[in-house]
Amino acid sequence: MRHSNFEERAATDTGKTENDNRLIVVLCGPGGVGKGTVARLLVARDQSLWLSRSWTTRSRREGEPEDAYYFVSKNEFMSMADKGGFMEWAQFLGNLYGTPWPDRLPTDSDILLEIDVQGATQIRKGFPDSLVILLLAPSRDEQRKRLQERGDSKEHVDLRMREADTEIAFAREFADAIVINDSLDRAVSEIGAIIDNRRLSRSKMSI
Ligand code: 5GP
C-alpha cells in the first residue's frame with residue numbers, strides 16, 4: 001500500500017493506523033478573499049472535516065479571536081521548525097506562518113488547511129494527493145475593500161494587493177479548482193461539493 005509522508009509521519013505522531021488515508025484539503029488564495037470565513041463555514045457543515053490551527057509570529061490584530069492562531073515568538077517558531085514540527089511553513093510579509101503536524105485529529109476526519117500559496121505549493125509537493133482549492137474575490141476592488149475593512153494601513157493593503165497578483169498567477173498553475181467568493185453560501189456549497197466528489201472518487205479507487 002502506498003503511503004504519503006503525511007501518513008507515515010502521522011502514524012507515528014497521532015496514532016493513525018496503517019490503512020488511514022485522510023484527504024488533505026488546502027484552501028489557499030491571497031488575503032482579503034474570505035478564506036477564514038469560508039474555512040469556518042466548511043467545518044461547521046461537515047463533521048468529517050477538521051480545521052488545522054496555524055502558528056504565527058504575527059501579533060494578534062485588535063478584535064481577532066485568541067484562537068485564530070497559536071501566536072508565538074520567532075524563537076518558539078524556529079525551534080518548532082528546526083525539529084520538523086511543521087507540515088509546511090512560509091514567510092509572508094515579514095511574519096512566519098506554519099501548519100503543525102496534527103496532534104489531536106479526530107478519528108476519520110479529513111484535514112482542512114487555510115494557508116497562503118507558498119504553503120500550498122509545499123503541501124502539493126509533499127502530498128500529491130491533496131486537494132488544492134484556490135479561492136478568489138469577485139473583483140480587485142472587492143478584495144481591496146475587504147483588506148481595508150480589517151484595519152490594515154494603506155501601505156500594507158497596497159503591499160498585499162501586489163503580493164496577491166503574484167500569488168494568483170502562481171496558484172492558477174497548480175490548483176485543482178478555482179472558486180470565486182462572490183456569495184459566501186454559494187462558494188461554501190461549491191467547495192463542499194468539490195470535497196465530496198474527491199472523497200467519492202478516492203473511495204471508488206480503493207474498492
Ligand atoms: P494573516 O496575517 O492575514 O492572518 O495571514 C496572512 C496569510 O498567511 C494568509 O494568506 C493566510 O492564509 C496565510 N496563512 C495562515 N496560516 C498559514 C500557515 O500555517 N502556513 C502558510 N503557509 N500560510 C498561512
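A word on conventions. Residues are numbered from 1 along each chain as its sequence is written, and side-chain values use heavy atoms, with hydrogens and water left out. As the model is predicted, local features need pLDDT of at least 70 and side-chain atom pairs count only at pLDDT 80 or more, while totals for chains, interfaces and linings use all residues.

The overall picture, then. The protein has 7 helices and 9 strands; these are DSSP runs, H or I of at least four residues for helices and E of at least two for strands, numbered from the N terminus. Of the 207 residues, 46% are buried, meaning under 20% relative accessible area, with exposed over 50% and partly exposed in between, using a 1.4 Å probe and protein chains only. Contacts are heavy atoms within 4.5 Å. Among contacts with a separation of 6 or more, 67% join residues 24 or more positions apart.

Now the aromatics. How many aromatic pairs does the structure hold? There are 9. Rings of Phe, Tyr and Trp (its six-membered ring) pair if their centres lie within 6.5 Å; planes under 30 degrees apart are stacked, over 60 edge-to-face, and the rest tilted. Y69 and F71 are edge-to-face, because their planes stand at 70 degrees, with centres 5.7 Å apart. Y69 is buried at 18% relative accessible area, and F71 is partly exposed at 28%.

F170 and F174 also make an edge-to-face pair, with centres 5.9 Å apart and planes at 70 degrees. Both lie in helix α6, residues 154–174, and are 4 residues apart, about one turn of the helix. F170 is partly exposed at 47%; F174 is buried at 16%.

There is also one aromatic cluster formed by W55, Y70, F77, F86 and W89. Over the ring of Y70 sits the charged end of R53, 3.9 Å from the ring centre. The criterion is NZ of Lys or CZ of Arg within 6 Å of the centre and within 35 degrees of the ring normal.

Last, the ligand. A side-chain N or O atom of E88 is 2.7 Å from a ligand nitrogen. From G98, a polar backbone atom lies 3.1 Å from a ligand oxygen. The protein covers 96% of the 510 Å² of accessible area (Shrake-Rupley, 1.4 Å probe) that the ligand has on its own.

Technical notes:
Polar contact = N/O pair within 3.5 Å; in protein donor to acceptor, adjacent residues only side chain to side chain.
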